[in-house]
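A short report follows the display.

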Amino acid sequence: MDKGFNKYDPHMIAETKMNAIVLYREKKREFNKLVRDKDEKEKQKFLYYRFSYNDKLSVEDAKAKARTDDEVKKFNERLDAAEIEMDEAYAELDRITVKIELMADFNATARAEMKLGGLQP
């Protein structure tokens with residue numbers, strides 16, 4: 001049984017969906033910020049390996065070395081964790097949306113059955 005929100009309180013339903021949307025967008029912003037930070041760190045490391053490193057490297061070697069740098073790898077780990085959180089937030093939003101649709105279908109069916117049974121509301 002789902003105890004997420006009371007199916008008879010439209011304000012609680014709207015509040016629950018709004019909270020799920022806000023949480024999902026927050027997690028998505030965090031993920032996108034990490035992607036931007038990782039790209040920036042990778043560019044910094046590329047410039048370091050290309051121009052400031054003791055051994056002068058080719059462009060492709062500097063790119064490869066920048067991608068495998070420890071600081072960039074830490075961003076990859078944080079990105080994986082953020083992606084999991086974002087997926088969980090999206091799944092919660094989708095669960096709430098599906099429940100709202102099922103409730104609407106159930107209510108429409110109940111109204112149609114009442115009309116067929118001669119019980120006009």
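## Model and helix H1

The model is predicted. Helix H1 runs over residues 10-52 and has 43 residues. The helix spans 62 Å from first C-alpha to last, close to the 63 Å expected at 1.5 Å a residue.

The salt-bridge count is eight. One of them pairs Glu 71 with Lys 45, with the closest N and O atoms 3.3 Å apart. Glu 71 sits in helix H3 and Lys 45 in helix H1, 26 residues apart, so the pair links distant parts of the chain. Lys 45 is buried because its relative accessibility, 16%, is under 20%. Glu 71, at 33%, is partly exposed.

The two belong to a network of salt bridges that also contains Lys 41 and Asp 69.

## Pairs within a helix

Arg 95 and Glu 92 form a salt bridge at 2.8 Å, N to O. They lie three residues apart in helix H3, about one helical turn. Both are partly exposed: Arg 95 at 32%, Glu 92 at 31%.

In helix H2 (residues 59-67), Lys 63 and Glu 60 are also three residues apart. Their salt bridge is 3.9 Å, N to O. Lys 63 is partly exposed at 34%.

## Negative patch

Which residues form the negative surface patch? They are Glu 77, Asp 80, Glu 83, Asp 87 and Glu 88. Glu 77 lies in helix H3 (residues 70-116). Its relative accessible area is 57%, so Glu 77 counts as exposed.

Terms used: Residues are numbered from 1 along each chain as its sequence is written. This is a predicted model: local features need pLDDT of at least 70, side-chain atom pairs count only at pLDDT 80 or more; totals for chains, interfaces and linings use all residues. Side-chain values use heavy atoms; hydrogens and water are left out. Patches are made of residues with over 30% relative accessible area and no salt bridge: like charges are joined within 9 Å, nonpolar side chains (Val, Leu, Ile, Met, Phe, Trp, Tyr) within 5 Å. Accessible areas come from the Shrake-Rupley method with a 1.4 Å probe; for residues, only the protein chains shown count as cover. A salt bridge is a side-chain nitrogen of Lys or Arg within 4 Å of a carboxyl oxygen of Asp or Glu. Lys and Arg count as positive and Asp and Glu as negative; His and the chain ends are not counted. The place of a charge is taken as NZ of Lys, CZ of Arg, CG of Asp or CD of Glu. Helices (H or I, at least four residues) and strands (E, at least two) are DSSP runs, numbered from the N terminus. Buried means under 20% relative accessible area, exposed over 50%, partly exposed in between (1.4 Å probe, protein chains only). The expected span of a helix is 1.5 Å times one less than its number of residues.
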